[in-house]
Amino acid sequence: MPLPIAHSLLAGALYETSPVANSRTGWKMLLLFAVLACLPDIDFLPGFLMGEPGRFHRHYLSHSLGAAIVVGFITATVYCWWKKERFLQFFLLFFCVYFSHVALDYFSIDSHFPYGVPMFWPLSDSYVVAQTPIFLAIKKPGASAQFFQNLMSLHNLLAVLWEVVVFVPVFAAIRFFKKRRQVVLTVEFAESAENQQIPATIQE
Ligand SMILES: [Zn+2]
């Protein structure tokens, strides 16, 4: 399962392609995206506090369609009430960002039971995992005391580097298409401004 780095990078990619990118919400919305994209792994916390971080990890339903709908609904309700925004757009955005975590875990090598994620709960209770994974497994320590220390292994460092490598072309593509769209919009604006000036020239 990827580390928060990959989940945050995907959240960043979703932010860059969303209608709220570079809006007045700015980095605060980007931060909210990153938090939502990492939130399913909150199921590490109770086990971590009990001295065994993986004890509840993916044993319950934080990695599922149902959880994405509930979290998307609650986050959009609070955000739209606070910011007086339209609900549906933000519900879909927050749902997609949360569910992006589940999708990324689905495309990862899983070396710990339960294998995969209950991706489609409540439609199905089955745990699913991609036959052709993209991301490497992360070696996690069994005890909380060595949790952060053991995360710093060479294997995990390589896994992180691979996560970054995977997202380089994603961000390059986003940048390319955004630049291209900017050029098209600039040309369209220049043409429309030129067309509006023609009657004035004729009158002269
Ligand atoms: Zn996860």
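Predicted model: local features only at pLDDT ≥ 70, side-chain atom pairs only at ≥ 80, totals over all residues.
Residues are numbered from 1 along each chain as its sequence is written. Local features need pLDDT of at least 70 and side-chain atom pairs count only at pLDDT 80 or more, while totals for chains, interfaces and linings use all residues.

The protein chain has seven helices and zero strands (DSSP runs numbered from the N terminus, helices being H or I of at least four residues and strands E of at least two). Its radius of gyration, 22 Å, is well over the 17 Å that the globule rule gives for 204 residues, so the chain is more spread out than a compact globule. That radius is taken over C-alpha atoms, and the rule is 2.2 Å times the number of residues to the power 0.38. The C-alpha atoms fill a box of roughly 85 × 40 × 30 Å along the principal axes.

Helix α1 (residues 4–17) packs against helix α2 (residues 26–38) at about 135°, with the axes 8 Å apart. Axes are lines fitted to C-alpha atoms, for helices over the stretch in contact, and angles run from 0 to 180 degrees between N-to-C directions.

Ser124 is found in the loop between α5 (87–106) and α6 (147–151). Ser124 counts as exposed because it has 12 C-beta neighbours inside 10 Å (exposed means 12 or fewer other C-beta atoms within 10 Å, with C-beta atoms placed from the backbone). The C-alpha atoms of Ser124 and Lys140, 16 residues apart along the chain, are separated by 28 Å.

Methods: Buried ≥ 20, exposed ≤ 12 C-beta atoms within 10 Å, placed from the backbone.
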